[in-house]
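Subject: Handover of a structure for your review

Dear colleague,

Please find the structure below for your records. The findings follow directly after it.

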Amino acid sequence: MKQYSVTGMSCAACAARVEKAVSSTPGVESCSVSLLTNSLGVEGNVNDAEIILAVEKAGYGARAKGSSGDSEKHREEEDALLDRETPVLRRRLIASLIILLPLMYLSMGHMMWGWPLPRFFDDNHIAMGLTELLLTGIIMVINQKFFISGFKSLIHGAPNMDALVALGSSASFLWSLYVLFAMTRAAADGNSEAVTAYMMDFYFESAAMILTLITVGKMLEARSKGRTTDALKGLMRLAPQTATVIRNGEESVVPVEEVIEGDIFTLRPGENIPVDGVVIEGSSAVNESALTGESIPVDKAEGDRVSAATTNESGFLKCRALRVGEDTTLSRIIQMVSDAAATKAPIAKIADRVSGVFVPVVITISLITFAVWLLLGETAGNALTRAVAVLVISCPCALGLATPVAIMVGNGVGARNGILFKTAVSLEETGKAKIVVLDKTGTITAGTPEVTDIIPFGECSENKLLSLAAALEGKSEHPLSKAILKRAEEEGIKAEEVQDFRVVPGNGLSAYLNGKKLSGGNLNFIASSSSVSPETEKQAADLSEEGKTPLFFTEDDKLLGIIAVSDVIKEDSPMAIRELKELGLKVVMLTGDNERTARAIGSKAGVDQVIAGVLPDGKEREIRSLMESGKTIMVGDGINDAPALTRADIGIAIGAGADVAIDAADIVLMKSRLSDVPAAIRLSRSTLRNIHQNLFWAFFYNVIGIPLAAGVFIPLTGWQLNPMFAAAAMSLSSFFVVTNALRLNLINIYEKSGEVTETAPIVTVSAGEETLAEKTLLIEGMMCEHCENTVKTALEGIEGVESADVSHEKNRAVVTLSRDISDGILKNAVEAQDYRVTEIA
């Protein structure tokens, strides 16, 4: 996605105008405008000049981002996000208030409460009018930006919020000017009563107050909007400016832009790592919290990778640069967060459609209000008051900001916790998922086999068995061999050199050590040359049932013992899966393992369903099948997961996985922890809930505010709205929306709250037979047969529910299932009908 900075936008109508203009440019496939970051994202085959021209024709300015170097680009983007509006608006507000105070004293204090005035004004109403005219004119000049932007948008045929403010303020000012001229004529005619009466028709203070109050709202909004981009600005500030590289045998400090792939750079304690690299000398603890949110430093030694913007805490490191410039992990994170801010969530389309026609509709309503009140016999002054109130209370900004501010803050919360949403769509849609599919290797399990059991036979000791096994496996490259060698190293055992080493593919190994033949491998391989008792075979079968791989070892065909190796489940996987089920999702494990191993690991992990024996090219097909039952998330880390990640409604890549998987995914988990999956879902749901609150407020405010300002409630309740109060309401509406979005910063996405407690899972294997099960729901609120039918219909509408026996007298429903369905899904179906589920058994 190509990004541009856009200048001159002031409200949602401006953003809609820019988006419409760019979308109509030939070659543009899609585009989205962010009022929050004043940015434009474009996809398609079109050059910068055409995009900039389209924006300029719409009445705004634009320039392409990222034409400079990487570090310079980050500084440029951070500079673009700086809050320059608030200081300017603060100065305007202070100046406006200084002039407004005497104006309000003169127009309201004296007229309403009889406050004293200089003798010059005694019975000199024309002098008072001229003074109000002068003070109001000064305030209009101070806030001239409203008029420049507003009338410019009217000329381009795309009126924005500034147009409403400019029209409302201008109408009040021009009407007051007309009254002043009429007063002057009456004074010339000697009609003192008319002069006094005209004093009550001045609205200079309304024109000035409208501008001042809108400026207050704009300042509060700008300040709050600045805080919503704190996460992105914080990431940009992490980018190191210099690096210490070794060239021609000497160390030198160079700008980070000059570091190239293959350069050797050094790191001393306390220094930030400038680019992504690999350690070639030294060891240290590296603080990666800036990228992953994990506060505990990670030990790094020769061969380990390091990432830009992380901090070397203790030792000296010498590293070779692997990724520089825009290819570093930090740059990719910044790009992901920035791209997500530039995209639009589907829910925003409703507000966009309304914002696009909002201002013309409001102007029309204002004119109708003026005409209707004149026809009803009101004076022109009163009719104008209500028309102006309609103009200034209407706020398209609250509608336009409702979604992007929540998306921006939600993205920031995710980035701080190492959860990166690539688009606004992924942030919105993740919380709507019904099924989570987890790849086994590297996702549920660690992905690196470990020795779990050492079982010696006869006089052989554990130490001897491990020593001989390590000697045999020392020349093998098989992952299971590496697990045994790692365990031997941990035990302080050095593998001896063997002779005549041979590999029997798919079966085992053989070699000679000190003249004795060593053999190791699976049961079939060992049984072909050694005697294996039924008890030993059963012991091996039990290990296999637990998901472990038993390896047999012999010396001169005499059985020494069994070493079991297994890809162990990650420490946080069972808890994460339990949390997913508590969130109401069905959890499926997808693996290429055999059914026995898959069942064992699935049972330990606690998943709802296991799909075993899936070949790499079959994962995408299984995902497509599961998607028929509901919105599906796929979580994986390998190259072979990429098609499935792309096919799923939402793809989540484990950050330590392959680049192909990360590129194919919609969400990237930097910490490589499965517990971040339920955290991402909680964040998505909280963000969506916040968006709904913002949209409700924005629509509710305008639906109530516009009729109130137009005087619709006067015949019913006598309620009416002064333009000054209308302006105050408008100025606070956007501030409310932005402030509500900032509340997302307070949520703890790892904290379980209000989630359904699950019963023990039913683990099924796709190759197995269909399983029928029953669950009993205790329900409060059912009072009659109609209630029973409502609950029954809701439950039987869930795919996988064979039947539901519901009794309002017993306050329960017994549900028969053809497949496992999480308690959360059943609970949500019932509670959607306004009944309360108290227990599920």
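What percentage of the 841 residues of the protein count as buried? The figure is 54%, where buried means under 20% relative accessible area, exposed means over 50%, and partly exposed lies in between (1.4 Å probe, protein chains only).

Please note that this is a predicted model, in which local features need pLDDT of at least 70 and side-chain atom pairs count only at pLDDT 80 or more, while totals for chains, interfaces and linings use all residues. Residues are numbered from 1 along each chain as its sequence is written, and side-chain values use heavy atoms, with hydrogens and water left out.

Overall picture

The protein contains 31 helices and 31 strands; these are DSSP runs numbered from the N terminus, helices being H or I of at least four residues and strands E of at least two. Its accessible surface is about 36,800 Å², and carbon and sulfur atoms hold 54% of that area (Shrake-Rupley method, 1.4 Å probe; for residues, only the protein chains shown count as cover). Among contacts (heavy atoms within 4.5 Å) with a separation of 6 or more, 69% join residues 24 or more positions apart.

An open sheet and its helix

Four strands make up an open antiparallel sheet in the order β2-β3-β1-β4; two strands pair if DSSP finds at least two bridges between them. Because β2 (28-34) and β4 (61-64) are at the edges with a single partner strand each, one side of each has no neighbour in the sheet. On average, neighbouring strands of this sheet are turned by 25° against each other, direction ignored (axes are lines fitted to C-alpha atoms, for helices over the stretch in contact, and angles run from 0 to 180 degrees between N-to-C directions).

Six bridges join β2 to β3 (residues 39-44) in the antiparallel sense, and Val-28 has Gly-44 in β3 as its bridge partner. Helix α2 (residues 48-57) lies across β1 (2-7), β2, β3 and β4, and runs at about 165° to β4.

Individual residues

Lys-619 belongs to helix α24 (residues 619-626) and is buried, at 5% relative accessible area. Its side chain makes a polar contact of 2.8 Å with the side chain of Asp-439; such a contact is a pair of N or O atoms within 3.5 Å, where within protein one must be able to donate a hydrogen and the other to accept it, and residues adjacent in sequence count only if both atoms are side-chain atoms.

As for cysteines, Cys-31 is buried at 13% relative accessible area, and Cys-319 is buried at 0%. The count of disulfides is zero, a disulfide being a pair of cysteine sulfur atoms within 2.5 Å.

Yours sincerely
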